[in-house]
Amino acid sequence: MHCLRSNFISYVLFVLMCIKWTTISERRIVSPNIRICTLHGQKTPSAFPRIQGLYLRGGNMSTLTVNASFLKNGSFNESKLAELLDSAPDCDTLEKMYRDVLHRNQQHVPTLHNYGNLLMRIRQNFTEAEIKYKEVMKINPAHVPTLCNFGNLLHNNLGRPDLAEAMYTKALSLDPGHSTTLCNLGYLKQTVHSDLTATEHLYRQALEYDSNHTTALYNYGRLLQDQGNASGAEALLERAISAAAAAHGGGGSSSGEGGWRGLLGT
């Protein structure tokens, strides 16, 4: 899985080469013959189904256990728990941690949300992911990250773009500057409504709040590519490469996608 970073960068470099080799007058830029899938509202090559975040870090397996030391006065020490989850070396270990947390607190919203994300993105278990998101909504219907990712699930995996749009609209009413939701809604406007004016506006908004948001850079670059704006597409895709490399290189990401916890949307 650690090869996903290089796969993404290689793919975007390929797109950039296609742009360089195709003149603007042709009004169409050759795209590589790779199936495009959607994830978290983003348009990505299936060879790299998660543009951001899948950077595996090492961990001492003997210490990767959620136990009583993480509890303080009956509640989790959130910073200590987050550090542990971020050290998970693989998906199986991370899933076990989530189950351990929920065994101790069935209503722990960050874990329910992140577990839902893992089920959606990694396990492709959309039914169980929906259950986890619905549990969060019962506990905290104003949890913006869950509204964002539940919308993504509804749009891209469950065929309910109407409900997805309602989720995104609610999330943005609570947090107008949530870049990932802006990007997701832009992608929905593009793919469902074919409203490219609204799409571009939303991508621009996402980048105003987070200029290094890799998904928004990538999606906006591909939009410009499809419109024949080769120079604009090239500039945005080069920025997407830089942002992805910075995130995976350990420097974090302003879109909050670095490491396991970032990948899973805390």
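The structure is a predicted model, in which local features need pLDDT of at least 70 and side-chain atom pairs count only at pLDDT 80 or more, while totals for chains, interfaces and linings use all residues. Residues are numbered from 1 along each chain as its sequence is written, and side-chain values use heavy atoms, with hydrogens and water left out.

Helices here are DSSP runs (H or I, at least four residues), numbered from the N terminus. Helix 4 covers residues 109–121, and its 13 residues should span 18 Å at 1.5 Å a residue; the expected span is 1.5 Å times one less than the number of residues. Twelve of the 13 residues are buried, so helix 4 is largely enclosed by the rest of the structure. Buried means under 20% relative accessible area, exposed over 50%, and partly exposed in between (1.4 Å probe, protein chains only). Among the buried residues are H113, N114, Y115 and R121.

Next come the two loop residues. Most residues other than glycine have a negative phi. Q124, in the loop between helix 4 and helix 5 (126–139), instead has a positive phi, near 60°. Its relative accessibility is 46%, so Q124 counts as partly exposed. S194 is not a glycine but has a positive phi too, about 55°. S194 sits in the loop between helix 8 (179–191) and helix 9 (196–209), and is exposed at 56% relative accessible area.

Helix 8 also takes part in both helix pairs. Axes are lines fitted to C-alpha atoms, for helices over the stretch in contact, and angles run from 0 to 180 degrees between N-to-C directions. The axes of helix 8 and helix 10 (residues 214–226) come within 10 Å and cross at roughly 25°. That makes the two helices roughly parallel, a label for angles under 35 degrees. On the helix 8 side, the contact (heavy atoms within 4.5 Å) is made by C183, Y187 and Q190, and on the helix 10 side by T215, A216, N219 and L223.

Helix 6 (residues 144–156) and helix 8 have axes that come within 10 Å and cross at roughly 20°, and they are therefore roughly parallel to each other. Helix 6 brings C148, N152, H155 and N156 to the contact, and helix 8 brings T180, T181, N184, Y187, L188 and T191.

Definitions and conventions:
Angles under 35 degrees count as roughly parallel, over 145 as roughly antiparallel, 65 to 115 as roughly perpendicular and the rest as oblique.
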